[in-house]
Amino acid sequence: MTAALELVGVTHRFGETTVLDDVSFVVEPGTITALLGPSGVGKTTLLRVICGFETPQGGRIVVGGRDVARDGVSLVAAEHRGIGLVPQEGALFPHLSVANNVSFGLKQRRSRESRERTSHLLDLVGLAQCADQRPEELSGGMQQRVALARALAPNPSVVLLDEPFASLDAALRMSVRAEIVEALRRSGATALWVTHDQQEALSCADHVAVMLDRRIVQRGAPVELYRSPATQAVAEFVGEAVQLRGRASGTTVACAMGELPLAQQVVGEVTVIVRPEQIELDDAPTATSPRGRVIASRFYGHDGEIDVRLPNDEIVIARLHARLLPTVGADVALRVTGQALAFA
Amino acid sequence: MTRLLRAPVAIAAPALLAAVVAIVPLIYLFDASLSRGVDAAVREVIVSRTTILLIRTLLLTLVVTAACAIVGTINAWLVVRSSLPLRPVWLILLAMPLAIPSYLSAFAWVSWIPTMSGFLGASVVLTLASYPYVMLPVAAMLRGADPMLEDVARSLGVSAQSALVRVTLRQVAPAIWAGSLLVALYVVSDFGAVAAMRLETFTWVIYGAYRAGFNPTRAATLALMLVALALLLILLERRFRTRVTQRIGAGTARSSVRRAPFTLVAPALIVALTSIGFGIGVPLVSSISWTRNGTAITDWSAVLETIMSSFWIGFLTGLATLLLALPVGILLARFKGHLANVTEGAVFVTHSLPGIVVALSVVYLGINLVRPLYQQVPLLVFGQVIIFLPLVVGAVRTSIEQSRVALEDVSRSLGVSRMATVFRVTIPLATPGIAAGGALAVLGAMKELPTTLILRPTSVETLATSIWKYSVVSDFGAVGPYAVALMFLAALPTALLSHVAVAKVAR
């Protein structure tokens, strides 16, 4: 099957500064891929390069089987690439009604097909009743849905969403996110979703491409990414990570939390990574159980976290059910469930 | 992030044309200045009269600018921060002196108090005519300024009066500077007021040199010196202007504006009433009484014809200026690069050209290059376009820069070409700025005196030239109807301008 979007070795510089370094990944048709990375890592530049607002100095960009940029030359102008864009904060045209925003990219905007397409898309995002309203009359979440409908209207090969919920408050973000994902699924569209929010990426996308320091360091399904991160940096960025010094001997590693089974074969001095939810209070401790003193406790409502200082002064974080949270100063025995990660 | 995009030809070509239009006259000015060799030009510079001229011009500029900074700031504070009722009406009334040409005020004062003629009269008239250049940006910035800061100062034990000086005044200081430099630029360029007050400053002497036998070296050399002076002011103004817009653009928390108590307002009110009374009252009352007491029987059909030609020339100038300013504004706001830099430089230099200088250089251009057009309407409009292009470009550019680039990106991602995006997104969003720019050009063209005097076809009279023609021979009865007509015509664009200028940050 032809990829909806494919990047091969894309490199881009602003003057002396390299912003994108050998970026390669594929987005399959009908899927949602999240491009996950911290702020300032080059995500927005990557989007602009894909859209055609910047021409990369090297590499190849393929949209729907057609080369749109290759070896420093833009072959297809931005307006002919067939790439929908949902920018930050929606960016609806303030001088046009909701319906006219949606029909903006359609040919023959006054035709019956255009009107039908517009009302179909407004239906899809659940805003059929708002067609004649002005953008400023809508809430932030509604504006995002109109922006999605507008991007989908000309039937693009792929829709790019650039941190679409950055401006919404936390409570609203969850529900709008669910609505957007559902609309994308129902329309069968292909989407590349840029975000710095790992929870958003892991929960919404079929695939996640992690971008760190100007390059894509790993691409995979959310579960795969969380369970088997390719590098220590990915492990630390995707999900919370407890770090310990350790000595690996193939399938196990010895560290302050005892002898732990490893997910992959490693030998030598390593950094051991365990997720906070893998660390539990040991209610039947033995002589060899790791012990420590609780130095901080955070109550989140449904659950909570404690920081425990181990005898060798290393600190681990444990995520516990809220009713199990010990008080600060208590001495506790711990155990680790599942496999640990180790990076040389 | 800079956008390294190449501008479409449909934007680049007219923008380049505008750059050429803006800069060509200056080249002719150099040519005229050096026509009798460098030595002759240098002699003109070093004669002692020139030094006195320079000192007098600088002194007038200093006095008027300082007075405008004070009056303009007090009036701005009054219309934004006071508890005065009907503040929007006060704003428009206080901005109205912009609608009254300086020469008209000057003649009104001289006919009322003949001894005012000279430095004092010119200072008073120019202050009353140009304090709105300080008031409007300061009012806009006061609207945008965070009133919380004043509250914080009060909570730290500072009195209302000193909070005003120590906090609020500091907040709007960049706008005061920027406005003051605009005033200074206006004063060195002004021809009408100093001519009516018979005060020998650069503009008046240049006009005299031009009229007295057409000594191109003297007129052109003095004009170049004036340009150098104005260029200095404009360089300073630009530094402050960027700071002003940055501060406004940062978007401070805008909670409800604090209103000052009446004890603070009362002295400011005296300043405002004086500004309005002397700024609009004197010329308006004079003009009306001239009309009523005029001994000459007014030829109303001639007045009507003059109104029509003023209106027609204003309209043509406004239209032509907008047509050139739009591509330039779009280029400067959206397509940064070499072409934009060159165009910006050209327009920027043009901003420092006083009307009298533009008029002179267009005369040389007309005589040397397009003789059939000399003293024809197209060349008059051409000259006025050069004068107002920088102002209109500024208005258009600012309003384009205020709309989000993302909107244009979205448009292109939806399959709309760059040019179509300009028409479907960029221009509609910049409508307020474009309207303000157009109003600016029309208003300016109707008031503009030296360009019209020098470049108009001999058979055509505008309101400005008619007022001038009858005033210089003290036939004020005949001036009246033209003066009243010009003030009423100019009031409309002035009201629109002051509204846009202050509303911009008031959302």
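**Notes on chain B of the predicted model**

1. Let's start with helix 12 of chain B, residues 202-211. Eight of its ten residues are buried, so helix 12 is largely enclosed by the rest of the structure. If you want to find them on screen, the buried ones are B:F202, B:T203, B:W204, B:V205, B:I206, B:Y207, B:A209 and B:Y210.

2. Next, have a look at how helix 16 (residues 338-351) and helix 18 (residues 377-402) of chain B meet. Their axes come within 8 Å and cross at roughly 120 degrees. The crossing of helix 16 of chain B past helix 18 of chain B is left-handed.

3. Which residues make that contact? On the helix 16 side of chain B they are B:V347, B:T350 and B:H351, and helix 18 of chain B brings B:I386, B:L389, B:P390 and B:V393.

4. Chain B has a mean pLDDT of 82, with 92% of its residues at 70 or more. Within chain B, helix 6 (residues 119-130) has the highest confidence, at 92, while helix 13 (residues 216-249) has the lowest, at a mean of 70.

5. Keep an eye on residues 244-256 of chain B, where the pLDDT is below 50. In the model, this stretch still has 16 contacts beyond near neighbours in sequence.

6. For the complex, the predictor gives an ipTM of 0.79 and a pTM of 0.77.

Terms used. Residues are numbered from 1 along each chain as its sequence is written. Chains are lettered from A and ligands numbered from 1 in the order in which they are written. This is a predicted model: local features need pLDDT of at least 70, side-chain atom pairs count only at pLDDT 80 or more; totals for chains, interfaces and linings use all residues. Axes are lines fitted to C-alpha atoms, for helices over the stretch in contact, and angles run from 0 to 180 degrees between N-to-C directions. Helices (H or I, at least four residues) and strands (E, at least two) are DSSP runs, numbered from the N terminus. A crossing is left-handed if the near helix is turned anticlockwise from the far one by less than a right angle, and right-handed if clockwise. Two residues are in contact if their C-beta atoms, placed from the backbone, lie within 7 Å. A residue is buried if 20 or more other C-beta atoms lie within 10 Å of its own, exposed if 12 or fewer, and partly exposed in between; C-beta atoms are placed from the backbone. pLDDT is the predictor's confidence in each residue, from 0 to 100.
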